[in-house]
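Hello,

Here is the structure for you to take over. My notes follow below it.

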Amino acid sequence: MKKNWMMMYALCVGMASCNSGKQMTGLEEADCVAYKSDVTICEFKKLDVENELALPLSSLAECPRIVKLDNRDEATAKGGMITVSEHYILMGRVDDIPAKLFKKTGEFVGCVGGFGSGLGEYRFVYDQQIDEARGRIYLFPWFGFNAVFEYDLQGKFVRNIPLAKKYPDMSFPKVKFWVEADKDRLTAFVLPFENLPVMAWTQDLDGNIIDEVPIPKQMKLKPDFSNEIIALHCTDEFSAYSFRFFNNEGDFLYHYQDGRLVPVFGVDFGDYDTPMHVLAELPRHYLGNTAKPKQLSGHLWVGDEHRDFIIDKETMKGNYFHLVNDYWGDTELPGVIGACGRGYYQCFYAPADMRALLEKALKSESLDKNVRSELQNVLDGIDDNDNGYVVYAKIKE
């Protein structure tokens, strides 16, 4: 099995105050690289690889916060998928430990379910959601399951929400989902494997189909878990991109609306050889990442020479970019697509990495006085035996 090339990032920190961020050369000075008719199309030849943007975090998100996670043994976290809500931080399962739920103060609430194959147990989480209003957490384990697992906000298992009763004997790999409990509705998007009947559907929470999208012939895949579903869940629409490791030519980012896949964003590669690429969406921007497949061994592939690009939805301006934290002295940040989800940008840092990041930030002469004080206080409190730190920033709408 080929190795997945998309890597998730995790990070958490709590800040009391921030300035508006130093203004840097950003999208306002970029060229128009896309056009819009019914679908926004990026013209690949117009992306300027020689003049990559240093894109300030303040153009995408609010001031980042730092959270020091509880140091109790049972609270041990190792990064992985992170979901932030109004009052909680959910650390998805990594290695042989279950998902962990924390308050935004860093206080450990409890494990969500457990590691294993019993009721409410799992070995890997592919997507997760916190619904504070109804006191619920939802997880979809990868793979071999046909249900979304539901828990309360103490991490106790409540029930399985069956996926698509119309297909009761079928398990769905790598599901991205959104539960709207107030509407008694769940929307799902899956890899379009040729042995599956649909690639997206809406159902009630008892598993009864409301509407569905059969797999278009040109998108059918032979089962291969190198492929991914990219869905950041950062917009009101359920937008998703089906990444196929060796065959994603002519693909679009889709909105799923009333039983239809509506294309909203794509790339015209023109005469260029089509690279590996993924597409994603934030409220104000379209995102993309290109890479070249690199074979490490007989069944081991990775993406190489990654480049992120961004397009402003209103101005159609954009380019290749790297993200810098202008709130903290222009320190470098991980790529956007891998670090965004459910309305937040978030990353996890081990103590040594947190220390290195803050030491670099504190060397900047542009730091606001209050920000400098906050960062120094966090730095002074770091111990090599700390559990870890999460840095998160709310995506601007």
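How many disulfides does the count come to? The count is 0. Keep in mind that this is a predicted model.

Cys347 is in no disulfide. The nearest cysteine sulfur belongs to Cys340 and lies 8.6 Å away, whereas a disulfide needs the two sulfur atoms within 2.5 Å. Cys347 is buried, at 1% relative accessible area. Cys111 is partly exposed, and its relative accessible area is 29%.

Next, confidence. Mean pLDDT for the chain is 88. Of its residues, 90% reach 70 or more. Residues 1–17 fall below 50. That stretch still has 91 contacts in the model beyond near neighbours in sequence. Residues 20–24 are also below 50. Their contacts beyond near neighbours in sequence number 12.

Now strand 2, residues 40–43. Which strands does it pair with? One is strand 1, residues 34–36. These two run antiparallel and are joined by 3 bridges. They form a hairpin, with 3 residues between the strands. Within this pairing, Lys36 stands opposite Thr40.

Another partner is strand 22, residues 260–268. Here the pairing is parallel, over 4 bridges.

Are the faces of strand 2 covered or open? Both are covered. Thr40 and Cys42 sit on one side, Ile41 and Glu43 on the other. All four are buried.

Best wishes

Key:
Residues are numbered from 1 along each chain as its sequence is written. This is a predicted model: local features need pLDDT of at least 70, side-chain atom pairs count only at pLDDT 80 or more; totals for chains, interfaces and linings use all residues. Side-chain values use heavy atoms; hydrogens and water are left out. pLDDT is the predictor's confidence in each residue, from 0 to 100. Contact means heavy atoms within 4.5 Å. Buried means under 20% relative accessible area, exposed over 50%, partly exposed in between (1.4 Å probe, protein chains only). Two strands pair if DSSP finds at least two bridges between them.
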